[in-house]
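Hi,

Here's the structure I promised to pass on.

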Amino acid sequence: MSRWSLPERWLLCPRLGTVVADDVKFVPMKTMLDSRYDSQIPEEYRWTPEMLAARHPNLGMVIDLTKSSRYYDPRLLPKHILHHKIQCAGRGSTPTPQQVSTFIAVCNMFWAKHPDKVIGVHCTHGFNRTGFMIIAYMCQQLDYQTEMAMHLFKQSRPPGIYKNHYIEDIFARFDGDSSGFLPAVLPDWSLPNAELHMHLTAAIDLLRSTPPPITGAKLKELCDICNAALSVAEDDTIVLILRAHGWTGLTFAGDKVASAAPLADELQAAAEEMRRCAEQAEEEGDDTADAHGTAATSEHLSSSSTAEASSSSTTTTTAAQPSSSSGEGDSGASRVLRMRAEDQRCEREDAVPSGLTFALDKSPSIGPPHLGPLRKLCREMVGAPAGTAFPGAQPVSLLQSHLEKMRTAPFFLSHKADGTRYLMMILGPGKVYMVGRDNSIFPVSGLHFPTSGRADQHWQQTLLDGELVLDTWNDNKDRRYRFYIFDIICCGGKDFTKYKYHQRLESIQKHIIAPREKLRAQRKLDTAREPFGIRPKQFFPLSELGTDKWNDYIKHRVFHKTDGLLMVEDDHKYAPGSCEALLKWKPPSLNSIDFLIKVEEHGDVTEAQLLVSGPGGAMVPFTDAGVSTLAARSEDKRRVLRSYNGKIAECTWVPATNRWRVMLIRRDKDHPNGYRTASSVWRSIREGITEQRLYELTRQLRQRRATKTHAGMSPVDRALAHAIDAANAFAAVLDKAEQPGAKRAKVEGGQLPPPPLLRALAAVARIHDQYKDALVQFGWRSDNSGFEAPVSADLLKRLAANLARFMSKPRS
């Protein structure tokens, strides 16, 4: 073999990444190959020293980490670009501490003279040795946390470092703990069947982006891609899939592809299966081509690629055949959906993230190798068994069967916010993570959680449950994201799951909120500079629903959209999965189910199946309502319906038409509701518990409480007690409004008392003139129509104390 053979897997490897960060002016890239290799490289894949300056005009130096000198002549670089060689071995080795020190010294010397210039760094492919050196610089010179440095490099050069021994060594050197980190997912270009993957991806993108039927120029483009894929395919898997959809060898039957989605689904499933087989067969070390400074021999290249192809080919062919349990009517599309559901890649601890982004800033999830260990840690903090996906507790829809328990057991009440649910995992300073419902994990910097109001102490091993919402006020002129905490699972390693709910709410205030407020009061914590606010979610006894206190809270203390009520039983243990102690209620018009939309074409009708996750994770139509599809006939509506394909749609039921209606597309989810959840929601829709029904229930609870509180009293004492309670309650409202820094309560008519207090005082005045005279001393009108002027908290407290003197039994 010629000395100038291409480095293994170089051809499809991306040329270069982006600048890592504003203060980390590195650009990672693969090695350049000069003109001696041109005969082996199609023009569109070339990457030469002459091309580098044009791609990065601000580049000032290139650091070459390969051990070989055969790839390009550094003298071909433009004169203004310096070149420095640090020979680092590949395979099972990582850069030595001496090589890292040299790299740091070279960079510092260069930037001392050229602070605005960018340094390009490359090994053979620009991922593992390159990433190691850049991350080492960030950790040792710029004090980056290891996780954040890994994350930024991954963003700059996706998918980041993908060889596990590099990752382990990084954490051993810079973080002190490399245990538990799973291998990264290999990039497509590094797999033995990379070219086939490239063609399949192009075909899938075309099928998903082109409205069927596919004809004309688009069909020709698809056929060219299919022929290119078949030319490099090593077994019959792809041709069998194409033939099932009318492939004749040159084009598709009838010169069209009538239904593109099923074909795209099957090709996607085949590509994913081939990737899994190739990952299992991948055993080589990093950047083997230049491991010893010379090209690999032809015998090595031939035997290696043959072995990998054989492993991939054999396993893929087996996986692509229908299983013996499949019925004859098991279509390719349904098989793909079943395979996807059983795989649940976005939820496994060892899986890649789903692709959903953080609600705050649309940043991506952490990926391997950190994703799996963080998911496992989160699951273990909840106490959930292995195999649990999202470990958070999930509310169930309120049903008639729950009402009886709500009458007898203590429940707490809050509003249901239209926000995004997250668990917040606090592992130490600079180590705060948000865990989404699809088990994606997002790092958040800039949040501080002191243990006791001291800036130098920070909570670790802490897990909170809450929702991130966008608060707006001042006629929408002011807005801020806030995380409202509604449960505490673990704090400082202490398990709170077995505490009663009111104790967990008190612990949130004591351990999370109060220390932050103490630091803020001492001006040691500037919460305005944090990425979002931290607040406890306000809960009330269930009996407060419909009272002035509840209505005032909703009207004046809630600054975001609400879509229902949340009711929590006091005596319940926090546990993952659906929880009958957590009840959610929505108005009938907002009660909804999240479906996966699967679009099919039937002549002049576009139809969308509404799918939920059934037994074993299979995607199945939801038939409980008797209607499991959406249909469109006009071209405009068909176009809209097609745009929903493959997405999660939140759908409400329209009783007037007995049809489902798409309310919105869920950007924060990539899985539909499970069948049990959907069935429960449907039952809730059918039973239709109204707001008036809940108000009547809570009125009965208040009446029962009042009867119990005033049991044994005479009618006169009972009237006095009602008036005293009402006066003290409104005094408390006014007191809170007057606290420094508090938002003033808005009371209709200034500080005029609410109607329940006026009615209670009027009832007392009618009992006897001496009671009326006592009230008149405090500004009460003699005609019992109310107070002469607005009242203060102090006046109401004195009035209540005066009325208490008239009671036959002293009030405690």
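**The sheet**

Strand 5 and strand 16 (residues 577-585) run parallel to each other and pair over five bridges. Two strands count as paired here if DSSP finds at least two bridges between them. Helices (H or I, at least four residues) and strands (E, at least two) are DSSP runs, numbered from the N terminus. Along that pairing, Ser397 sits opposite Lys584 of strand 16.

Before going on, a word on the model: it's a predicted one, where local features need pLDDT of at least 70 and side-chain atom pairs count only at pLDDT 80 or more, while totals for chains, interfaces and linings use all residues. Residues are numbered from 1 along each chain as its sequence is written, and side-chain values use heavy atoms, with hydrogens and water left out.

Back to the sheet: it is open, has five strands in the order 5-16-15-6-14, and its pairing is mixed. At the edges you'll find strand 5 (393-397) and strand 14 (540-541), each pairing on one side only. Helix 15 (residues 548-556) packs on this sheet and touches strand 6, strand 14 and strand 15. Contact means heavy atoms within 4.5 Å. The direction of helix 15 makes about 25° with that of strand 6.

Further in, strand 15 and strand 16 are antiparallel, with four bridges; Val568 has Leu582 of strand 16 as its bridge partner. Strand 6 (residues 411-417) and strand 15 (residues 562-569) are also paired in the antiparallel sense, over six bridges, and Ala417 is bridged to Thr562 in strand 15.

**Two packed helices**

How do helix 2 and helix 3 pack? Helix 2 (residues 97-113) meets helix 3 (residues 128-141) at about 70°, and their axes are 10 Å apart. Axes are lines fitted to C-alpha atoms, for helices over the stretch in contact, and angles run from 0 to 180 degrees between N-to-C directions. So helix 2 is roughly perpendicular to helix 3 (65 to 115 degrees counts as that). Among the residues making the contact are Phe103 and Trp111 of helix 2, and Phe132 and Tyr137 of helix 3.

**Cysteines**

Cheers

Note on methods:
Parallel < 35°, antiparallel > 145°, perpendicular 65-115°, else oblique.
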